[in-house]
Amino acid sequence: MTETALYERNMFSVKEMLDSAICYHRNGEIAKALTLYRRILQAEPDQSQALHGMGIIAFHLKKYDVAHSLITRAIKRRPDVACFHYNAGLASISLNRADEAVSAFKEAIRLNPAYSDAYYNLGLALKNQQQFDNAVENFRTAIHLCPEDADAHYNLGNTYKALDRYEAAAESYRMAVRCREEFPEAHHNLGVVLKIMGLLDVAIRHFRKSIHLQTDLAEPHWSLSLALLLNGEFEEGWKEHEWRFKMGKMDTIYPHVFEIPRWDGSPFPGRRLFVHSEQGFGDTLHFVRYLPLVKRLGGKVVFETFKPLLEIMKGFSEIDELVEISPNRDFAETCDYYAPLMSLPMLLRGRFETIPQEIPYITADPEKATQWNQRIGKAGLKIGIAWAGKPAHKNDKNRSCQLRHFLPLTEIPGVSLYSLQKGDAVQATETFEWAKCLIRLDRELSDFSVTAAVIENLDLVISVDTALVHLAGAMGKPVWILLPHAPDWRWMLHREDSPWYPTMRLFRQPLPGNWNSVFEKVRDELYKLISRRRE
């Protein structure tokens, strides 16, 4: 009589069937294991190991609700088995039940204090809940129990990175690649933190290593592009920058779909080219400088941009048709080709030496500028300020400062400060008594054409890295930009000037988060500027 027939006649005991089922399960013979688990449960509906085994199979089939239900039944029968709680935690994570997962992993650890996988997954769950300090503790325990666990080192690095503890993150990523040399994600993230730390050449090597290990990962290509551009290596940088279209955040980074061909940079006489903005206002103001080069290659340039920029772009002679961005892409299909605005440097074979230098390329409306001249007047040194960018920006916590940092500037005789800040950060002006000396204009800055008219009547703009500095720089107005220690790629490294905007000065943090030193230097330079004006 065959083994199957014996099972059919229940001539094996439940224990014998369970032993065979577990053996099949371990060997990957899932169908046979599942058949035996079911027969066991027919004989003993609450047999905990069979329930758990079926739950594991359901989990691997991505039937997470079924898995969670089966494993929970097993726990009710045997609450003292650590791995049952551990696997219940994994199912809870897959069902987005973070609190349940944390509780399950903690119970698994209570039952088995040497359960390294439970510590590791508890660390992941806590990290996802942004309980970073507790996550660090659990990852470190997992590593103590299993020193060669590359994933634990990697995620400890990710947690340190979230805490802005970059040196500790770098060491964790180094340990991850020591444990597993072919670990492209660890090489990539090591490059990210090294770039933040200013070790650009080493960062680039790790980006290249990550790409070498897995060429189709978009993130390392993207990071490499930003590092190369930061380093002034524009030709390769622009090519790598095209990987932004393959990023996982495509819906927000690039939600555009066209049926017309993409422009390849060739002359297009007698044709219509549809160029569209992408990403932020500052990016648009920065890159429209390339439109005159595009126009020289052929026919009509149709430019699509954000509503707040439409009015300021009407004075751009190289734009033949100006349209507002909208979800309806039908207008693009009336053209012959399309091009993303931020791809123009790559399409035009742009190099550091060939950055367009025609400044100003954006001008204020004369009538609006005259109206603001009458309001602002001519007395003293008139300075426009802004201290915060959009909170949604991924680096906003580093690039934005606080209004309180501007306090020393209010104490300089002969200086008038005009707040050009927009958004929720404006509320800070109601927090400080001294902020009453600021002249608030936010309610009147309806679009960039109004902001440009105001800037036209100011002597200087001092701002963190927002669209405001691009507008002032494109207008050829004096602008001082306040930069974090790890700046955006376009400001490069170790420079006090900008190859993009000749009227711009760069004030950099000497250490991450050190805005006080930046404002001390700004204050000193303002005193020098006032002295020169008096002379």
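Residues are numbered from 1 along each chain as its sequence is written. Because the model is predicted, local features need pLDDT of at least 70 and side-chain atom pairs count only at pLDDT 80 or more, while totals for chains, interfaces and linings use all residues; side-chain values use heavy atoms, with hydrogens and water left out.

Start with the sheet. Four strands form an open sheet in the order β3-β2-β1-β4, and the pairing is parallel. Helices and strands here are DSSP runs, numbered from the N terminus: helices are H or I with at least four residues, strands are E with at least two. Two strands pair if DSSP finds at least two bridges between them. The edges are β3 (321–324) and β4 (337–340), each of which pairs on one side only. From one strand to the next, the twist averages 25 degrees. That angle is taken between axes, lines fitted to C-alpha atoms (for helices over the stretch in contact), and runs from 0 to 180 degrees between N-to-C directions.

Look next at one pair inside this sheet. Strand β1 covers residues 268–276 and pairs with β4 in the parallel sense over four bridges. V275 has A339 of β4 as its bridge partner.

Beyond β1, follow the chain to Q279. This residue is found in the loop between β1 and α17 (281–287). Its phi is positive, about 65 degrees, although Q279 is not a glycine. Q279 is partly exposed, at a relative accessible area of 35%. The classes are these: buried means under 20% relative accessible area, exposed over 50%, and partly exposed in between, with a 1.4 Å probe and protein chains only.

N96 also has a positive phi, near 60 degrees, and is a residue other than glycine. N96 sits in the loop between α6 and α7 (98–111). With a relative accessible area of 71%, N96 is exposed.

A further backbone detail lies at P360. The peptide bond that joins I359 and P360 is cis, with omega about 0 degrees. P360 belongs to the loop between α20 (344–347) and α21 (366–376).

Now turn to charge. The structure holds 31 salt bridges. A salt bridge is a side-chain nitrogen of Lys or Arg within 4 Å of a carboxyl oxygen of Asp or Glu.

Other bridges join partly exposed residues. In D80 and R78, the closest N and O atoms are 3.0 Å apart. D80 has a relative accessible area of 46%, and R78 has 37%; D80 is partly exposed, and so is R78. E171 and R174 form another bridge, with the closest N and O atoms 3.7 Å apart. Both residues lie in helix α11 (residues 166–179), three residues apart, about one turn of the helix. E171 is partly exposed at 35% relative accessibility. R174 is partly exposed as well, with a relative accessible area of 29%.

Then comes a pocket. On a 1 Å grid over the protein atoms alone, a pocket is an open set of points with protein on both sides within 12 Å along at least five of seven lines, whereas a cavity is a set where a 1.4 Å probe fits but cannot get out. The second largest pocket has a volume of about 260 Å³. Volume is the space filled by probe spheres set on the grid points, which are joined across faces, edges and corners.

Which residues lie nearest the centre of the second largest pocket? They are I22, Q49, H52, C83 and F84, out of 13 lining residues, where lining means an atom within 4 Å of a point. The elements giving two or more residues to this lining are α2 (14–26), α4 (48–60) and α6 (82–94). Helix α4 gives the largest share, five residues. By type, the lining divides into six nonpolar, five polar and two charged residues. Ala, Val, Leu, Ile, Met, Phe, Trp, Tyr, Cys and Pro count as nonpolar, Asp, Glu, Lys and Arg as charged, and the others, Gly among them, as polar.
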